[in-house]
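Here are my notes for anyone opening this one for the first time. Have the model up beside you as you read.

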Amino acid sequence: MKHIQTVNAPTLQATKNSGGCGECQASCQSACKTSCTVGNQVCESKK
Amino acid sequence: MNKEMSKKIHKFVQNGMYILLDINSGAVHVIDEMIYDIMDYFDGENDTEVINNLSDKYSEGDLQEALSELHSLMDINQLFAPDIAVPPTFKEKGLVKSLCLMTAHDCNMRCKYCFGDTGEYGGERQLMSEEVGKAAVDYIISHSGLRKHCEIDFFGGEPLINMPLVKTVTEYVRKREQETGKVFKLTLTTNGLALHDDNIKWLNDNNISLVLSTDGRKETHDNMRPDCGGQPTYDKIMKNFRKCVDSRHGENYYMRGTYTAENLDFTQDVKAMADAGFDILSMEPVVLKDSPYALTEEMLPEIFAEYDRLTEFYLKRHREGKGFFFFHFNMDLSNGPCVAKRLAGCGSGHEYYAVAANGDLYPCHQFVGRKKYKLGDVFNDLDEGAEEITRYFRESHVLNKDKCKDCWAKFFCSGGCHANADLFNDDIRIPYETGCAIQKKRLECALAVQATLALEKIGTKNFTPATSNC
């Protein structure tokens, strides 16, 4: 495309009825730990 | 644009780059200025209206070409993707997979911003006993179901002042792993003051991940993180951290800092960490109420400008071959968590508990000492009525919180920190607004960083907008 560059292969729609295995790392949202915000994580099953 | 469609996208300019995020697919598009302008009007089916509104600025041919590209994205669900509901895989009840052990309600430092009252957590100074530690391990094993991966974080206060407990729990974990097939990840968060050759060796030999706390520049650190006698600690802890990180070959650690109202130029603190030879870094905004060190709404413009500078610095170092990991800029946009995880968030109160030194269970380490959130204890499980609290935490996800439902950042931040929401609003479903504002800015920076790196990797770094804001 000339006006748009998509930089990722998004997965949200693909997992709206799946996922949930829960094997991923916990993700603290607070400031006192290194807040492993969810958006910074990688899915454990895709590692 | 009609209001419903505008809730499905977020567009912004960061470090000179125009970016369009499709919220419900997670697609990140780097766009030019024309598309950026078009998205003020375009709702998927009003091409004529868009052309009429922008014909003074762009030619009709160019607009039609751009609109055609947008329709192509819609065809593959990467623009205006359908709303997301709670997935069927998001179970009603969470399985406990992570515990934070408050190994010591005591500390050998007196950091001025400590949320745990320098270790006391609103109670008495106390060390966790071996009995409590082992019961906590049994608790997570019996409450994690078929889940293979579990986590324990040795936290405090300062966990190194209760090293016998850390060792006993670790040995017990390894024994129970053999018996159950579970795999534990163990982490220890330390201020570094009590690190020495022997415990460094033990931590390395036992594969304990480390979170190392320092605030960056010597003057920043010494201002906020004195020892119990009020003496500076920077020189001591940096010497220990150097030895420790070198001994584990620069791996399996994070160095984290906290910025406050006193160092809003925190890029200099990140730089100080990087220049000291550490390259796995994090810098967090302090969360305080009614404190001279607190971050306030009035400081947000300065904080946002500092994140712009941090982004520039991060990319500059990366391009010079002297790059470092900065936790909040790390983001795998193509292999991120599933929707269920994004709803579960940190898991506080349903997948993640803190165990106080006396064995009491709380939704997370930040809630320890807030009496109304005591859930039970590791010996007797949840108290009567506590299941209601855990259910409330489970259901307090972004699709149930009024302020999160329509926020573009909801699938990245998962609604923010419940403890902070409780601290500021006395309700875990009303997010802490200053924290949200900082989080959103940080996410825009992270998305810009990832977009920049992705474009540079595929060799289209010349795809830059015609104009920029910096």
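Predicted model: local features only at pLDDT ≥ 70, side-chain atom pairs only at ≥ 80, totals over all residues.

How many residues of chain A are in contact with how many residues of chain B?

1. In it, 41 residues of chain A are in contact with 78 residues of chain B. Sorted by class, the side of chain A that touches chain B comes out as 22 polar, 14 nonpolar and five charged residues.

2. Have a look at strand E1 of chain A, residues 4-6. Three bridges tie E1(A) to strand E3 of chain B (residues 27-31), and the two run antiparallel. To find the spot, pick A:Ile4, whose bridge partner in E3(B) is B:Ile31.

3. Follow the pairing onwards and you get an open sheet of four strands, in the order E1(A)-E3(B)-E2(B)-E1(B), with antiparallel pairing. At the edges sit E1 of chain A and strand E1 of chain B (9-14), each of which pairs on one side only. From one strand to the next, the twist averages 25°. As a reminder, strands of a sheet pair through backbone hydrogen bonds, either parallel or antiparallel.

4. **The chain B end of the sheet.** Six bridges link E1(B) with strand E2 of chain B, residues 17-22, again in the antiparallel sense. Here B:His10 has B:Leu21 in E2(B) as its bridge partner. Now look for what packs on the sheet: helix H17 of chain B (residues 433-457) does, touching E1 of chain A as well as E1, E2 and E3 of chain B. The direction of H17(B) makes about 105° with that of E2(B).

5. **The core.** The largest nonpolar core has 140 residues, and the ones touching the most other members are B:Ile19, B:Leu101, B:Met102, B:Ala354, B:Val355 and B:Tyr362. H17(B) turns up here too, giving the most to this core with eight residues.

6. **A one-sided helix.** Which residues of helix H13 of chain B (residues 386-395) are buried? They are B:Ile389, B:Thr390, B:Phe393 and B:Arg394. These lie on the same side of H13(B), because they cover an arc of only 140° around the axis. What they pack against is helix H16 of chain B, residues 418-425.

Methods:
Residues numbered from 1 in each chain as written. Chains lettered and ligands numbered in written order. Contact = placed C-beta atoms within 7 Å. Nonpolar A, V, L, I, M, F, W, Y, C, P; charged D, E, K, R; others polar. Pairing = 2+ DSSP bridges. Axes fitted to C-alpha atoms, helices over the stretch in contact; angles between N-to-C directions. Core = buried A, V, L, I, M, F, W, Y, C linked by C-beta atoms within 7 Å. Buried ≥ 20, exposed ≤ 12 C-beta atoms within 10 Å, placed from the backbone. Arc of directions from axis to C-beta.
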